Amino acid sequence: MDLAGKIPELDRQFGIPDVAKVVPGNGGLAKVASATREAAGEMYLHGAHVTSWQPRGGEGGLRGRGAEEVLFVSSKSRWEDGRAIRGGVPICFPWFADKADAPGAPPHGFVRTTAWQLESIVQAGDAVTVSMVTASNDNTKKWWPADFHLIHRATFGSELILELTAKNTGATPLRFEEALHAYFRVGHIEKARVQGLNSVHYLDKTDSNRKKTQQGPITIVSETDRVYLNTKDAIELEDHDLRRRITVAKENSLTTVIWNPWIDKAKALSDLGNDEWRQMVCIETSNVSDCAVALSPGQQHKMQAIVRLADL
């Protein structure tokens, strides 16, 4: 039986009445949809991919404004096996961008197009935590020989908490890159500012990976693809068009990637609308480049991103 045919069975096993259920999503792909007084959220088994978080307000801001979607998902995204969902929070693992020694390898690794297994749905107060798992197999070893086990745990509440835990289940050391490649929705990219990276060194991928230093807030005025190095502090996305602030705090992450394709790159992406670059910016909690993670046999590493929303 294919996964789509298992959706009613998964819902019977894991669903929480009136709180969380497993249902067909776009393209018939299985997703967990949750809703409480604090927030609504969606997470697909395809890639363990979070596609929606809508906090309903409360302490900190947004009072009286109702639920607001924080994540961006492209209207042109292809919801099908073998393709990554464009938007939300794709998981990049075990490499970031292209694999240097294998030009035909899938960009950003293989787990974002893999059907993960639903492990649990747990309610704690007005928050819902969804856990999904995947592991090495014959297909993954075609691209990467390591033995591993991954857990992606997403908590939908007044905060969106994302935890990616990787364990080395093999007999030899391994080294990997990882990213929670979050797409955030903005009213208009040219009215948005990213704060928290002043004076930080970064690699500019639009300029032959030259190392540069950030001066002041980040404003997006052209194609932007940067890896900020040795970053630990929280980052704030100030959206003056939607009058809100998105804060991204993190743990066990030493790099932050900022990406917007701008005009020409957006046109070249078949799963992104020509003008949708105006409504999104990626702030990616990550460990990439020289900050890749090394694990000895039996060791594990947990990277976490905590997203908060408030009025600006």
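In the predicted model, eight strands form an open sheet in the order β6-β7-β8-β9-β22-β18-β17-β13, with antiparallel pairing. Strands are DSSP runs (E, at least two residues), numbered from the N terminus, and two of them pair if DSSP finds at least two bridges between them. The edges of this sheet are β6 (117–124) and β13 (192–195); each has a single partner strand, so one side of each lacks a neighbour in the sheet. From one strand to the next, the twist averages 15 degrees, with axes taken as lines fitted to C-alpha atoms and angles running from 0 to 180 degrees between N-to-C directions. Within the sheet, β17 (residues 235–239) and β18 (residues 244–251) are joined by five bridges in the antiparallel sense, and D239 stands opposite R244 in β18.

Residues are numbered from 1 along each chain as its sequence is written. Because the model is predicted, local features need pLDDT of at least 70 and side-chain atom pairs count only at pLDDT 80 or more, while totals for chains, interfaces and linings use all residues; side-chain values use heavy atoms, with hydrogens and water left out.

Strand β20 pairs with several others. Strand β11 (residues 178–180) runs antiparallel to β20 over three bridges, and L180 stands opposite T285 in β20. Strand β12 (residues 183–185) is also antiparallel to β20 and is joined to it by three bridges, with R185 opposite M280. Between β19 (residues 255–260) and β20 there are five bridges, again antiparallel; here V257 stands opposite E284.

Eight of the eight residues of β20 are buried, so this strand is largely enclosed by the rest of the structure. Buried means under 20% relative accessible area (1.4 Å probe, protein chains only). In a regular strand the side chains alternate between the two faces of the sheet. In β20, both faces are covered: M280, C282, E284 and S286 lie on one side, and V281, I283, T285 and N287 on the other.

The structure holds one cavity of 30 Å³ or more, and the largest cavity contains about 40 Å³ of space. A cavity is a set of points on a 1 Å grid over the protein atoms alone where a 1.4 Å probe fits but cannot get out; lining residues have an atom within 4 Å of a point. The volume is the space filled by probe spheres set on the points. The lining of the largest cavity consists of V89, L162, L180, A182, F184, V248, I283, T285, A305 and V307. At least two of the lining residues come from each of β20 (280–287) and β22 (300–311).

Definitions and conventions. On a 1 Å grid over the protein atoms alone, a cavity is a set of points where a 1.4 Å probe fits but cannot get out, and a pocket is an open set with protein on both sides within 12 Å along at least five of seven lines; lining residues have an atom within 4 Å of a point. Helices (H or I, at least four residues) and strands (E, at least two) are DSSP runs, numbered from the N terminus. Buried means under 20% relative accessible area, exposed over 50%, partly exposed in between (1.4 Å probe, protein chains only).
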